[in-house]
Number of protein chains: 4
Amino acid sequence: MKDEKAREKRTGQMRIRVRYSECDPMGVAHHTTYPVWFEMGRTELLRASDRSYREYEAAGVFLAVVALEVSYKKPALYDDLLELESVVSKIGHVKITHEYALRRNGELLATGKTTLACLDRDGKLCPVPDSLRV
Amino acid sequence: MKDEKAREKRTGQMRIRVRYSECDPMGVAHHTTYPVWFEMGRTELLRASDRSYREYEAAGVFLAVVALEVSYKKPALYDDLLELESVVSKIGHVKITHEYALRRNGELLATGKTTLACLDRDGKLCPVPDSLRV
Amino acid sequence: MKDEKAREKRTGQMRIRVRYSECDPMGVAHHTTYPVWFEMGRTELLRASDRSYREYEAAGVFLAVVALEVSYKKPALYDDLLELESVVSKIGHVKITHEYALRRNGELLATGKTTLACLDRDGKLCPVPDSLRV
Amino acid sequence: MKDEKAREKRTGQMRIRVRYSECDPMGVAHHTTYPVWFEMGRTELLRASDRSYREYEAAGVFLAVVALEVSYKKPALYDDLLELESVVSKIGHVKITHEYALRRNGELLATGKTTLACLDRDGKLCPVPDSLRV
């Protein structure tokens with residue numbers, strides 16, 4: 001039961017409509033838009049937990065992306081309604097790893113992975129707060 | 001002589017290469033990119049004066065855009081090398097107006113106008129610093 | 001009754017969550033993001049009508065922004081949930097004018113106006129299709 | 001001698017000024033901007049060779065990003081003047097790999113890697129053109 005709740009907190013789903021301004025002359029979403037969407041997935045994951053990322057920043061806790069990986073399988077098109085799944089896959093002492101799967105009607109378009117480092121107001125590494133250890 | 005120098009400080013030229021990520025499915029620069037370029041023009045104008053905008057912000061002076069107008073005449077294409085002319089057209093008590101002309105090989109592609117309000121750290125209106133009264 | 005339906009088609013509401021990547025070092029949504037949101041408003045307006053903009057482009061009808069005006073009243077902040085109202089305010093022979101109001105909890109943050117020109121595949125002006133004359 | 005010329009074609013340097021609109025509430029360049037810069041590096045690499053990417057697209061050859069990796073070491077700040085080094089590190093049958101190093105005053109800020117797939121007008125994989133085999 002507890003595990004189920006924990007897992008729920010670690011996984012989030014959201015729908016994303018591809019904007020015209022996100023698409024390039026090939027008529028598909030530009031590849032740099034995918035990590036923008038991943039960041040939205042992380043924001044929604046946090047919102048579903050106890051505190052929003054806005055509240056963390058206000059409290060002096062910053063999560064900076066230190067590594068990014070994206071694998072593009074099929075293009076997303078303008079006006080597509082996409083499903084983004086975001087998962088907290090690992091929580092270390094000062095870093096958090098998320099993984100992402102982007103789909104359209106269930107078909108996998110891309111996967112991704114980010115590593116965030118926890119920083120204080122001075123930009124120094126600090127331990128991941130307990131409230132983020134879901 | 002002094003007038004000439006003043007005018008020089010009030011007008012700036014810069015060249016801008018259109019990025020792939022700035023272009024949309026019509027194959028032209030997305031209309032929201034033009035005000036990004038205008039902001040670059042303002043930054044270069046300030047750099048040519050006594051202080052950079054980065055230094056103003058560090059000193060607690062923020063310039064926030066309160067009005068924007070753009071007139072699009074011909075599309076800018078991917079990889080075009082554009083010429084942007086930026087002019088300080090009016091300096092009021094708390095506001096500064098800039099005007100812009102974007103050209104490709106001398107041909108006018110767009111014109112624009114922005115009004116910036118001078119804000120302090122608390123987001124309150126404050127007088128335009130003398131150093132900006134070129 | 002018919003008028004009411006027509007007006008309904010001419011006005012659209014949508015909610016927009018401010019993304020982290022849309023905010024600048026002042027901690028507020030960058031001013032160039034507002035016209036991106038306006039474009040989303042136009043897209044949703046069209047979707048509520050008979051055809052989506054994607055379908056228009058597929059049919060060889062392109063709507064290019066030829067004029068943009070934005071008036072910024074209060075800043076939108078990261079993670080704010082905004083309400084965007086978009087209205088078709090004028091339909092001419094080859095051009096369409098939209099007006100926008102952006103609010104947060106009912107408070108007006110910005111207003112805007114765009115003029116779109118109707119273009120064919122060759123980028124030439126063409127009459128606004130009847131299906132857009134709502 | 002020939003090797004030296006080949007290597008020269010495989011490596012490119014460019015300077016990039018960090019734009020205000022590219023920076024986020026942490027006051028640093030948003031992490032999704034780095035791959036935008038990498039794409040600019042690729043464009044300049046191609047320009048230094050026989051044909052520009054614009055010419056390739058006109059000829060029906062599209063280079064789509066299928067994999068992206070970025071490692072962020074130190075933040076880039078607004079108005080920084082960065083040096084981007086881009087290298088063609090591998091050319092396969094249908095794919096090209098580039099590697100990137102982003103520096104400020106010689107200090108390494110980030111490294112990156114992209115894999116591009118060569119596509120024809122129908123989005124199908126096609127062999128890398130000989131002119132790209134530098």
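Copies here are superposed by least squares on the C-alpha atoms of residues with pLDDT of at least 70 in both. Keep that in mind for the symmetry part.

First, the ground rules. This is a predicted model, where local features need pLDDT of at least 70, side-chain atom pairs count only at pLDDT 80 or more, and totals for chains, interfaces and linings use all residues. Residues are numbered from 1 along each chain as its sequence is written, while chains are lettered from A and ligands numbered from 1 in the order in which they are written.

Symmetry, then. Take chains B and C. A rotation of 180 degrees, with 0.0 Å of shift along its axis, puts chain C onto chain B at an RMSD of 0.0 Å. The two copies are thus related as by a two-fold rotation axis. Which residue of chain C comes closest to the rotation axis? Glu69(C) does, with its C-alpha at 2.2 Å. Both copies use the same surface: 100% of the contact residues of chain C recur in chain B. Contact means that the C-beta atoms of two residues, placed from the backbone, lie within 7 Å.

Now the interface itself. On chain C, 15 residues are in contact with 15 residues of chain B. Two elements, α2 and β2 of chain C, each supply at least two residues of that side. Elements are DSSP runs, numbered from the N terminus: helices are H or I with at least four residues, strands are E with at least two. β2(C) gives the most to the side touching chain B, with 10 residues. By class, that side of chain C has 11 nonpolar, 3 polar and 1 charged residues. For the classes, Ala, Val, Leu, Ile, Met, Phe, Trp, Tyr, Cys and Pro count as nonpolar, Asp, Glu, Lys and Arg as charged, and the others, Gly among them, as polar.

β2 of chain B, residues 62–72, pairs with β2(C) in the antiparallel sense over 5 bridges. Pairing requires that DSSP finds at least two bridges between the strands. Ser71(B) has Ala67(C) as its bridge partner in β2(C).

Next, chains A and D. Here 15 residues of chain D are in contact with 15 residues of chain A. On chain D, the elements giving two or more residues to that side are α2 (33–48) and β2 (62–72). The largest share, 10 residues, comes from β2(D). By class, this side of chain D has 11 nonpolar, 3 polar and 1 charged residues. β2 of chain A, residues 62–72, and β2(D) pair antiparallel over 5 bridges. In β2(D), Ala67(D) is the bridge partner of Ser71(A).

On to the single chain. Chain A has 3 helices and 5 strands. From the N terminus, the order is α-β-α-α-β-β-β-β. Its C-alpha atoms fill a box of roughly 45 × 40 × 20 Å along the principal axes. What about the radius of gyration? A compact globule of 134 residues would be near 14 Å, and chain A has 16 Å, which agrees. That radius is taken over C-alpha atoms, and the globule rule is 2.2 Å times the number of residues to the power 0.38. Among contacts in chain A between residues at least 6 apart in sequence, 67% join residues at least 24 apart.

Burial next. A residue is buried if 20 or more other C-beta atoms lie within 10 Å of its own, exposed if 12 or fewer, and partly exposed in between, with C-beta atoms placed from the backbone. Buried residues make up 35% of the 134 in chain A.

Look at helix α2 of chain C, residues 33–48. It has 16 residues and reaches 23 Å from first C-alpha to last, close to the 22 Å expected at 1.5 Å a residue. The expected span is 1.5 Å times one less than the number of residues. Its buried residues include Trp37(C), Phe38(C), Leu45(C) and Leu46(C). Among the elements covering the buried residues of α2(C) are β1 (11–17) and α3 (53–58) of chain C.

Back to chain B for the hairpins. β3(B), residues 81–91, and β4(B), residues 95–104, run antiparallel, joined by 8 bridges. Their hairpin connects through 3 residues. β4(B) also pairs antiparallel with β5(B), residues 107–119, over 10 bridges. That hairpin has 2 residues between its strands.

Asn105(B), in the β4–β5 loop of chain B, has a positive phi of about 50 degrees although it is not a glycine. Asn105(B) is exposed, with 8 other C-beta atoms within 10 Å. Asp79(A) also has a positive phi, about 75 degrees, and is not a glycine either. Asp79(A) lies between β2 and β3 of chain A and is partly exposed, with 18 other C-beta atoms within 10 Å.
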